[in-house]
Amino acid sequence: MPYPEKTPVEEAEDFDEFSEQPTIHRFRLTPEDGGERLDKVLAQLLPQFSRSRIQRWIDEGFVTVDGERFLRKHTMIGDEEIQVVPQQSDEEMAYQPEPMDLPVVYEDPDILVINKPAGLVVHPAAGNWSGTLLNGLLHHFPPIAAVPRAGIVHRLDKDTSGLMVIAKTLEAQTSLVRQLQDRTVHRQYLALVWGEPSPKRIISAAIGRHPRDRVKMAVSESPYAKPAVTHYERIATGRLGNMGVSLLVCQLETGRTHQIRVHMQSLGFPLVGDPLYGKQHLSSFFGRQALHAQKLGLIHPASKKGYEWVAPVPDDFARLLDDAGITEYEK
(Lines give C-alpha, C1' and ligand atoms only; values in the text may rest on other atoms or scores of the structure.)
Protein backbone atom coordinates (compact mmCIF):
# COMPACT_ATOMS: atom_id res chain seq x y z
CA MET A 1 0.00 0.00 0.00
CA PRO A 2 1.37 3.44 -0.83
CA TYR A 3 2.54 5.96 1.73
CA PRO A 4 1.37 8.54 2.77
CA GLU A 5 -1.92 8.14 0.86
CA LYS A 6 -2.92 5.38 3.31
CA THR A 7 -2.96 7.83 6.26
CA PRO A 8 -5.97 10.09 5.66
CA VAL A 9 -6.53 10.82 9.36
CA GLU A 10 -2.94 10.68 10.50
CA GLU A 11 -2.21 13.25 13.18
CA ALA A 12 1.50 12.53 13.45
CA GLU A 13 3.92 15.37 13.89
CA ASP A 14 7.51 15.33 12.73
CA PHE A 15 10.21 15.55 15.36
CA ASP A 16 10.61 19.33 15.09
CA GLU A 17 13.32 21.17 16.91
CA PHE A 18 11.18 22.27 19.86
CA SER A 19 8.94 19.20 20.21
CA GLU A 20 8.61 18.11 23.85
CA GLN A 21 6.19 15.19 23.65
CA PRO A 22 6.61 11.87 21.85
CA THR A 23 5.07 11.68 18.42
CA ILE A 24 1.65 10.05 18.31
CA HIS A 25 0.53 8.45 15.03
CA ARG A 26 -3.14 7.86 14.26
CA PHE A 27 -4.32 6.04 11.15
CA ARG A 28 -7.76 5.23 9.74
CA LEU A 29 -7.57 1.99 7.79
CA THR A 30 -9.42 1.32 4.55
CA PRO A 31 -11.11 -1.87 3.28
CA GLU A 32 -7.92 -2.60 1.33
CA ASP A 33 -6.22 -3.32 4.64
CA GLY A 34 -8.72 -6.07 5.48
CA GLY A 35 -7.21 -9.50 5.94
CA GLU A 36 -3.75 -8.20 6.92
CA ARG A 37 -2.07 -8.74 10.31
CA LEU A 38 -1.83 -5.73 12.60
CA ASP A 39 1.97 -5.74 12.65
CA LYS A 40 2.20 -6.00 8.87
CA VAL A 41 -0.21 -3.11 8.33
CA LEU A 42 1.80 -0.91 10.70
CA ALA A 43 5.10 -1.91 9.12
CA GLN A 44 3.75 -0.57 5.82
CA LEU A 45 2.32 2.59 7.36
CA LEU A 46 5.44 3.36 9.41
CA PRO A 47 8.36 2.34 7.18
CA GLN A 48 10.78 4.47 9.23
CA PHE A 49 10.52 1.90 12.05
CA SER A 50 11.58 -1.75 11.91
CA ARG A 51 8.89 -4.42 12.08
CA SER A 52 10.46 -5.91 15.22
CA ARG A 53 10.26 -2.55 16.94
CA ILE A 54 6.61 -2.16 15.97
CA GLN A 55 5.89 -5.67 17.24
CA ARG A 56 7.42 -4.79 20.60
CA TRP A 57 5.21 -1.69 20.86
CA ILE A 58 2.15 -3.87 20.12
CA ASP A 59 3.20 -6.40 22.78
CA GLU A 60 3.85 -3.65 25.36
CA GLY A 61 0.50 -1.93 24.81
CA PHE A 62 1.64 1.18 22.95
CA VAL A 63 -0.62 0.31 19.99
CA THR A 64 -4.41 0.35 20.20
CA VAL A 65 -7.06 -0.55 17.65
CA ASP A 66 -10.29 1.38 18.19
CA GLY A 67 -9.05 2.00 21.71
CA GLU A 68 -8.28 -1.65 22.53
CA ARG A 69 -5.08 -3.68 22.70
CA PHE A 70 -4.64 -6.67 20.38
CA LEU A 71 -2.01 -9.25 19.56
CA ARG A 72 0.39 -8.51 16.73
CA LYS A 73 -1.20 -11.26 14.62
CA HIS A 74 -4.70 -9.78 14.97
CA THR A 75 -6.38 -9.61 11.55
CA MET A 76 -7.60 -6.23 10.37
CA ILE A 77 -11.10 -5.83 8.91
CA GLY A 78 -10.67 -2.30 7.52
CA ASP A 79 -11.96 1.09 8.76
CA GLU A 80 -10.35 0.64 12.20
CA GLU A 81 -8.52 3.55 13.79
CA ILE A 82 -5.06 2.68 15.03
CA GLN A 83 -3.04 4.75 17.48
CA VAL A 84 0.71 4.25 17.90
CA VAL A 85 2.83 5.90 20.59
CA PRO A 86 6.46 5.23 19.56
CA GLN A 87 8.88 4.46 22.38
CA GLN A 88 12.58 5.01 22.56
CA SER A 89 14.70 2.05 21.59
CA ASP A 90 17.27 0.53 23.91
CA GLU A 91 19.95 2.37 22.00
CA GLU A 92 18.20 5.70 22.48
CA MET A 93 17.91 5.15 26.21
CA ALA A 94 21.54 4.07 26.61
CA TYR A 95 23.07 7.53 26.27
CA GLN A 96 26.42 7.74 27.95
CA PRO A 97 28.63 10.74 28.82
CA GLU A 98 31.62 11.08 26.50
CA PRO A 99 34.56 13.49 26.80
CA MET A 100 34.32 16.09 24.06
CA ASP A 101 35.94 19.43 23.34
CA LEU A 102 32.75 21.47 23.17
CA PRO A 103 33.25 24.90 21.51
CA VAL A 104 31.53 26.89 24.26
CA VAL A 105 30.65 30.48 23.36
CA TYR A 106 28.77 31.32 26.56
CA GLU A 107 27.82 29.51 29.75
CA ASP A 108 26.09 30.35 33.01
CA PRO A 109 24.03 28.31 35.51
CA ASP A 110 20.99 28.33 33.21
CA ILE A 111 22.12 28.04 29.58
CA LEU A 112 25.00 26.99 27.41
CA VAL A 113 25.69 28.34 23.92
CA ILE A 114 28.01 26.44 21.60
CA ASN A 115 29.36 27.01 18.12
CA LYS A 116 28.70 23.57 16.68
CA PRO A 117 31.27 22.43 14.13
CA ALA A 118 30.21 20.78 10.88
CA GLY A 119 30.23 17.01 11.19
CA LEU A 120 28.95 16.84 14.78
CA VAL A 121 25.63 15.01 15.15
CA VAL A 122 23.36 16.71 17.68
CA HIS A 123 21.22 13.83 18.93
CA PRO A 124 21.75 10.04 18.89
CA ALA A 125 19.96 8.24 16.06
CA ALA A 126 20.40 5.19 13.86
CA GLY A 127 24.04 4.96 12.89
CA ASN A 128 25.07 7.59 15.45
CA TRP A 129 24.54 6.18 18.94
CA SER A 130 27.71 7.78 20.27
CA GLY A 131 29.95 10.75 19.62
CA THR A 132 27.00 13.14 19.50
CA LEU A 133 26.56 16.56 21.05
CA LEU A 134 24.21 14.99 23.59
CA ASN A 135 26.97 12.62 24.73
CA GLY A 136 29.35 15.55 25.10
CA LEU A 137 26.81 17.57 27.09
CA LEU A 138 26.30 14.72 29.56
CA HIS A 139 30.05 14.71 30.22
CA HIS A 140 30.46 18.50 30.27
CA PHE A 141 27.62 19.05 32.77
CA PRO A 142 26.38 15.75 34.31
CA PRO A 143 23.27 17.28 36.03
CA ILE A 144 21.89 18.01 32.56
CA ALA A 145 20.89 14.34 32.44
CA ALA A 146 17.85 15.35 34.51
CA VAL A 147 16.68 17.70 31.74
CA PRO A 148 14.77 16.07 28.83
CA ARG A 149 17.06 15.48 25.84
CA ALA A 150 19.97 16.83 27.87
CA GLY A 151 18.64 20.34 27.38
CA ILE A 152 18.64 20.28 23.59
CA VAL A 153 15.73 22.46 22.44
CA HIS A 154 16.63 22.95 18.77
CA ARG A 155 18.88 21.25 16.29
CA LEU A 156 21.28 21.84 13.46
CA ASP A 157 21.89 19.27 10.75
CA LYS A 158 25.09 17.26 11.12
CA ASP A 159 26.94 19.23 8.45
CA THR A 160 25.55 22.65 9.34
CA SER A 161 27.83 24.72 11.55
CA GLY A 162 26.97 27.45 14.01
CA LEU A 163 25.21 28.55 17.16
CA MET A 164 22.98 26.44 19.39
CA VAL A 165 21.57 27.16 22.83
CA ILE A 166 21.26 24.41 25.43
CA ALA A 167 19.11 24.54 28.57
CA LYS A 168 20.91 23.44 31.74
CA THR A 169 17.76 23.38 33.88
CA LEU A 170 14.17 22.32 33.36
CA GLU A 171 13.05 25.91 33.97
CA ALA A 172 15.40 27.22 31.31
CA GLN A 173 14.24 24.55 28.88
CA THR A 174 10.60 25.49 29.42
CA SER A 175 11.39 29.14 28.74
CA LEU A 176 13.43 28.43 25.60
CA VAL A 177 10.84 26.05 24.19
CA ARG A 178 8.14 28.67 24.68
CA GLN A 179 10.29 31.30 22.98
CA LEU A 180 10.81 28.99 20.02
CA GLN A 181 7.11 28.25 19.84
CA ASP A 182 6.32 31.97 20.03
CA ARG A 183 8.88 32.63 17.26
CA THR A 184 10.75 35.18 19.34
CA VAL A 185 14.15 33.50 19.10
CA HIS A 186 16.24 35.31 16.46
CA ARG A 187 18.18 32.90 14.24
CA GLN A 188 20.23 34.13 11.31
CA TYR A 189 22.07 31.90 8.86
CA LEU A 190 24.50 32.41 6.01
CA ALA A 191 23.80 30.20 2.99
CA LEU A 192 25.61 29.98 -0.34
CA VAL A 193 23.28 28.85 -3.12
CA TRP A 194 23.63 28.06 -6.79
CA GLY A 195 22.18 30.75 -9.07
CA GLU A 196 20.91 34.24 -8.38
CA PRO A 197 17.57 34.39 -6.57
CA SER A 198 15.61 37.63 -6.21
CA PRO A 199 17.24 40.17 -3.87
CA LYS A 200 14.80 39.62 -1.02
CA ARG A 201 11.89 37.30 -0.31
CA ILE A 202 9.75 35.72 2.35
CA ILE A 203 9.20 32.03 1.62
CA SER A 204 6.03 30.75 3.21
CA ALA A 205 5.61 27.12 2.15
CA ALA A 206 4.60 24.17 4.30
CA ILE A 207 7.08 21.32 4.66
CA GLY A 208 6.37 17.62 5.10
CA ARG A 209 7.93 14.26 4.35
CA HIS A 210 8.86 13.68 0.73
CA PRO A 211 6.16 11.45 -0.79
CA ARG A 212 8.67 8.97 -2.25
CA ASP A 213 11.96 9.42 -0.39
CA ARG A 214 11.56 9.06 3.37
CA VAL A 215 15.00 10.56 4.00
CA LYS A 216 13.98 13.87 2.46
CA MET A 217 11.60 16.64 3.33
CA ALA A 218 9.73 18.63 0.68
CA VAL A 219 7.48 21.61 0.16
CA SER A 220 4.05 20.04 0.36
CA GLU A 221 0.35 20.84 0.12
CA SER A 222 -0.50 17.81 2.21
CA PRO A 223 -2.80 18.56 5.15
CA TYR A 224 -0.14 16.93 7.32
CA ALA A 225 2.64 19.32 6.23
CA LYS A 226 3.66 22.00 8.72
CA PRO A 227 3.80 25.74 8.11
CA ALA A 228 7.33 26.98 7.45
CA VAL A 229 8.51 30.56 6.93
CA THR A 230 12.00 31.64 5.84
CA HIS A 231 13.12 35.23 5.18
CA TYR A 232 16.18 35.73 3.01
CA GLU A 233 18.18 38.60 1.55
CA ARG A 234 20.85 38.27 -1.12
CA ILE A 235 23.97 40.12 0.05
CA ALA A 236 26.58 39.09 -2.52
CA THR A 237 27.11 37.16 -5.74
CA GLY A 238 30.10 35.30 -7.13
CA ARG A 239 31.16 32.38 -9.26
CA LEU A 240 32.40 28.86 -8.68
CA GLY A 241 33.84 27.49 -11.90
CA ASN A 242 31.52 28.81 -14.59
CA MET A 243 28.45 28.78 -12.32
CA GLY A 244 26.98 31.75 -10.54
CA VAL A 245 26.42 31.61 -6.77
CA SER A 246 24.74 33.92 -4.26
CA LEU A 247 25.36 34.48 -0.57
CA LEU A 248 22.13 34.82 1.38
CA VAL A 249 21.29 35.93 4.89
CA CYS A 250 18.38 33.76 6.03
CA GLN A 251 16.20 34.22 9.08
CA LEU A 252 13.83 31.58 10.40
CA GLU A 253 10.37 32.11 11.81
CA THR A 254 9.84 28.36 12.14
CA GLY A 255 12.27 25.49 12.65
CA ARG A 256 11.25 22.63 10.39
CA THR A 257 13.62 19.83 9.47
CA HIS A 258 15.98 20.95 6.65
CA GLN A 259 13.91 24.13 6.30
CA ILE A 260 16.37 26.46 4.53
CA ARG A 261 17.68 23.63 2.35
CA VAL A 262 14.17 22.58 1.28
CA HIS A 263 12.86 26.10 0.73
CA MET A 264 15.80 27.18 -1.43
CA GLN A 265 15.74 23.95 -3.44
CA SER A 266 12.03 24.42 -4.06
CA LEU A 267 12.79 27.78 -5.71
CA GLY A 268 15.49 26.25 -7.90
CA PHE A 269 18.45 27.58 -5.87
CA PRO A 270 19.85 24.65 -3.86
CA LEU A 271 22.68 25.13 -1.42
CA VAL A 272 26.20 24.61 -2.67
CA GLY A 273 27.50 21.24 -1.50
CA ASP A 274 24.14 19.96 -0.30
CA PRO A 275 24.36 16.15 -0.61
CA LEU A 276 20.61 15.62 -0.30
CA TYR A 277 18.93 18.52 -2.11
CA GLY A 278 21.76 19.98 -4.17
CA LYS A 279 23.28 19.52 -7.59
CA GLN A 280 25.10 16.20 -7.37
CA HIS A 281 27.36 16.84 -10.37
CA LEU A 282 28.69 19.96 -8.60
CA SER A 283 29.34 18.30 -5.25
CA SER A 284 33.12 18.54 -5.67
CA PHE A 285 33.05 22.27 -4.96
CA PHE A 286 32.26 21.77 -1.26
CA GLY A 287 32.04 18.73 1.00
CA ARG A 288 28.90 19.73 2.90
CA GLN A 289 25.93 22.05 2.60
CA ALA A 290 27.14 25.67 2.70
CA LEU A 291 25.04 26.70 5.70
CA HIS A 292 26.17 28.40 8.90
CA ALA A 293 24.04 29.49 11.87
CA GLN A 294 25.71 32.85 12.30
CA LYS A 295 23.59 34.72 14.87
CA LEU A 296 21.41 33.70 17.78
CA GLY A 297 19.31 36.04 19.89
CA LEU A 298 16.95 35.26 22.77
CA ILE A 299 15.61 36.37 26.13
CA HIS A 300 17.63 34.89 28.96
CA PRO A 301 15.39 32.47 30.90
CA ALA A 302 16.51 33.80 34.30
CA SER A 303 17.47 37.46 33.87
CA LYS A 304 14.83 38.17 31.20
CA LYS A 305 17.41 40.32 29.39
CA GLY A 306 18.05 40.10 25.65
CA TYR A 307 21.21 38.30 24.57
CA GLU A 308 22.78 37.89 21.12
CA TRP A 309 25.78 35.90 19.97
CA VAL A 310 27.64 35.87 16.64
CA ALA A 311 29.72 32.93 15.38
CA PRO A 312 32.44 33.66 12.81
CA VAL A 313 32.25 31.85 9.50
CA PRO A 314 34.23 28.59 9.83
CA ASP A 315 37.43 28.24 7.86
CA ASP A 316 36.09 25.87 5.21
CA PHE A 317 33.12 28.13 4.48
CA ALA A 318 35.39 31.19 4.40
CA ARG A 319 37.64 29.50 1.84
CA LEU A 320 34.60 28.61 -0.27
CA LEU A 321 33.46 32.23 -0.27
CA ASP A 322 36.95 33.36 -1.16
CA ASP A 323 37.01 30.89 -4.07
CA ALA A 324 33.71 32.40 -5.23
CA GLY A 325 35.17 35.89 -5.09
CA ILE A 326 32.88 36.94 -2.25
CA THR A 327 34.64 39.05 0.37
CA GLU A 328 31.97 41.49 1.59
CA TYR A 329 30.13 39.80 4.43
CA GLU A 330 30.12 39.84 8.23
CA LYS A 331 32.96 37.52 9.17
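1. Helices (H or I, at least four residues) and strands (E, at least two) are DSSP runs, numbered from the N terminus. Please keep in mind that this is a predicted model, in which local features need pLDDT of at least 70 and side-chain atom pairs count only at pLDDT 80 or more, while totals for chains, interfaces and linings use all residues. Residues are numbered from 1 along each chain as its sequence is written, and side-chain values use heavy atoms, with hydrogens and water left out.

2. Gly-61 follows α2 and has a positive phi, near 90°.

3. Now turn to an open sheet made of three strands. Its order is β1-β3-β2, with antiparallel pairing (strands pair if DSSP finds at least two bridges between them). At the edges lie β1 (25-28) and β2 (63-65), each of which pairs on one side only. Three bridges link β2 to strand β3, residues 81-84, in the antiparallel sense. To find this pairing by eye, look for Thr-64, which stands opposite Gln-83 in β3.

4. Strand β6, residues 161-167, deserves a careful look. Seven of its seven residues are buried, so β6 is largely enclosed by the rest of the structure. Strand β5 (residues 111-116) pairs with β6 in the antiparallel sense over six bridges, and Asn-115 has Leu-163 in β6 as its bridge partner. β6 also has two bridges to strand β13 (residues 291-299), and here the strands run parallel. In that pairing, Ser-161 stands opposite His-292 of β13.

5. Next come the aromatic rings. Rings of Phe, Tyr and Trp (its six-membered ring) pair if their centres lie within 6.5 Å; planes under 30 degrees apart count as stacked, over 60 as edge-to-face and the rest as tilted. By this rule there are six aromatic pairs. One of them joins Trp-194 and Phe-285 edge-to-face, with 5.6 Å from centre to centre and 75° between the planes. This pair links distant parts of the chain, 91 residues apart: Trp-194 belongs to strand β7 (residues 186-194), and Phe-285 to the loop between α6 (259-266) and β13. Trp-194 is buried, at a relative accessible area of 1%, whereas Phe-285 is partly exposed, at 32%.

6. Phe-286 and Phe-317 are tilted, their centres 6.3 Å apart and their planes at 50°. Phe-286 lies in the loop between α6 and β13 and Phe-317 in helix α7 (residues 315-323), so to speak distant parts of the chain, 31 residues apart. Both Phe-286 and Phe-317 are buried. Elsewhere, Tyr-106, Tyr-307 and Trp-309 make up one aromatic cluster.

7. Two arginines have backbone angles to check. Most residues other than glycine have a negative phi. Arg-149, however, has a positive phi near 55°; it sits in the loop between α4 (133-140) and β6 and is partly exposed, with 23% relative accessibility. Arg-183 also has a positive phi, near 60°. Its place is the loop between α5 (170-181) and β7, and Arg-183 counts as partly exposed at 41% relative accessibility.

8. Finally, the salt bridges (a side-chain nitrogen of Lys or Arg within 4 Å of a carboxyl oxygen of Asp or Glu). The whole structure holds eleven of them. Arg-37 bridges to Asp-39, with the closest N and O atoms 2.9 Å apart. Asp-39 is buried, with a relative accessible area of 0%, and it forms a salt bridge with Arg-51 too, where the closest N and O atoms are 3.5 Å apart. Arg-37 is partly exposed at 33% relative accessibility, and so is Arg-51 at 37%.

9. Asp-59 pairs with Arg-72, and their closest N and O atoms are 2.2 Å apart. Because Asp-59 lies in helix α2 and Arg-72 in the loop between β2 and β3, the pair ties together parts 13 residues apart in sequence. Asp-59 is partly exposed, with a relative accessible area of 40%, and Arg-72 is partly exposed at 29%. As for shared partners, salt bridges join Arg-37, Asp-39 and Arg-51 into one network.

Technical notes:
Buried < 20%, exposed > 50% of the residue type's maximum accessible area, 1.4 Å probe, protein only.
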